[in-house]
Amino acid sequence: MANIFYRAIEFAMKAHEGQKRKDGSVYLLHPLEDAAIVGTMTNDLEILAAAVLHDTVEDTDTTAEDILREFGERVAELVAHETEDKRPEMDAAESWKIRKEESLAVLRTSGVETKMLWLGDKLSNMRALSRDYDVIGIKVFDRFNEKDPRKQRWYHSKVLEYTSELCGFAAYKEYKELFDRVFKDYE
């Protein structure tokens, strides 16, 4: 098990090869940043592996069965808690609210391990959003399926609410600080 984290990095490198984020950055940097953030809250290698793998099922050809086979039940379950049903039959903008409500329902009822993964993921996202917001302002929201900053604010406010048991961690405090800065004009 000591190498599960390194195996997860190798797996994610292959799965995300050639992918870019909405800001044009190398995709793999996001799950690695997520794991680094989660690593400030736990040293559990399975949770850290799940952080690195959190987007593989949602954003690559990787299946939930692949994660289960390669990394075991606990990691597969944690990754599943971070995986949205993207509804390929629907337009992404039309399914945005449905997907977010379903995901938030999972987060609301999940344990602290899942909440750590979510906090790492959303803080990484918020860091990128904040950096770009400082440069291009409200136009940053044009990159997203949901372009209304008030709806994005609603979503992130729920993530903050549902991860509030982690409020003692620096990651939570940073996420809240960036949230307040980016969304202050969109209440």
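**View 1. The charged end of R21 sits over the ring of Y27.** This close-up comes from a predicted model. The distance from the charged end of R21 to the centre of the Y27 ring is 5.6 Å.

**View 2. K122 is placed over W118.** Here the charge belongs to K122, and the ring belongs to W118. The charged end of K122 sits 5.0 Å from the centre of that ring.

**View 3. W96 and Y155 form an edge-to-face aromatic pair.** The structure holds ten aromatic pairs, and this view shows one of them. The ring centres of W96 and Y155 are 6.1 Å apart. Their planes make an angle of 70 degrees. Pairs with planes over 60 degrees apart count as edge-to-face, so the angle of 70 degrees puts W96 and Y155 in that group. Which helices hold the two residues? W96 lies in helix α7 (residues 92-109), and Y155 lies in helix α9 (residues 149-162). The two residues are 59 residues apart, and the pair links distant parts of the chain. Are W96 and Y155 buried or exposed? W96 is buried, with a relative accessible area of 4%. Y155 is buried too, at 3% relative accessibility.

**View 4. F179 and F183 form a tilted pair.** The centres of the two rings are 5.3 Å apart. Their planes meet at 45 degrees, so the pair counts as tilted. Both residues belong to helix α10 (residues 170-183). They are four residues apart, which is about one turn of the helix. F179 is buried, at 5% relative accessibility. F183 is also buried, with a relative accessible area of 1%.

**View 5. Six aromatic residues form one cluster.** The members are Y133, F141, F144, F179, F183 and Y186. F179 and F183, the tilted pair of the previous view, are among them.

**View 6. Helix α1 meets helix α3.** Helix α1 covers residues 4-15, and helix α3 covers residues 45-53. Their axes come within 8 Å and cross at roughly 5 degrees. That angle makes α1 roughly parallel to α3, because angles under 35 degrees count as roughly parallel. Which residues of α1 take part in the contact? They are I4, F5, A8, I9, F11 and A12. On the α3 side, the contact residues are L45, E46, L48, A49, V52 and L53. What kinds of residue make up this contact? Eleven are nonpolar, none is polar and one is charged.

Notes
Residues numbered from 1 in each chain as written. Predicted model: local features only at pLDDT ≥ 70, side-chain atom pairs only at ≥ 80, totals over all residues. Heavy atoms only, no water. Phe/Tyr/Trp six-rings, centres within 6.5 Å; stacked < 30°, edge-to-face > 60°. Buried < 20%, exposed > 50% of the residue type's maximum accessible area, 1.4 Å probe, protein only. Lys NZ or Arg CZ within 6 Å of the ring centre and 35° of its normal. Axes fitted to C-alpha atoms, helices over the stretch in contact; angles between N-to-C directions. Parallel < 35°, antiparallel > 145°, perpendicular 65-115°, else oblique. Contact = heavy atoms within 4.5 Å. Nonpolar A, V, L, I, M, F, W, Y, C, P; charged D, E, K, R; others polar.
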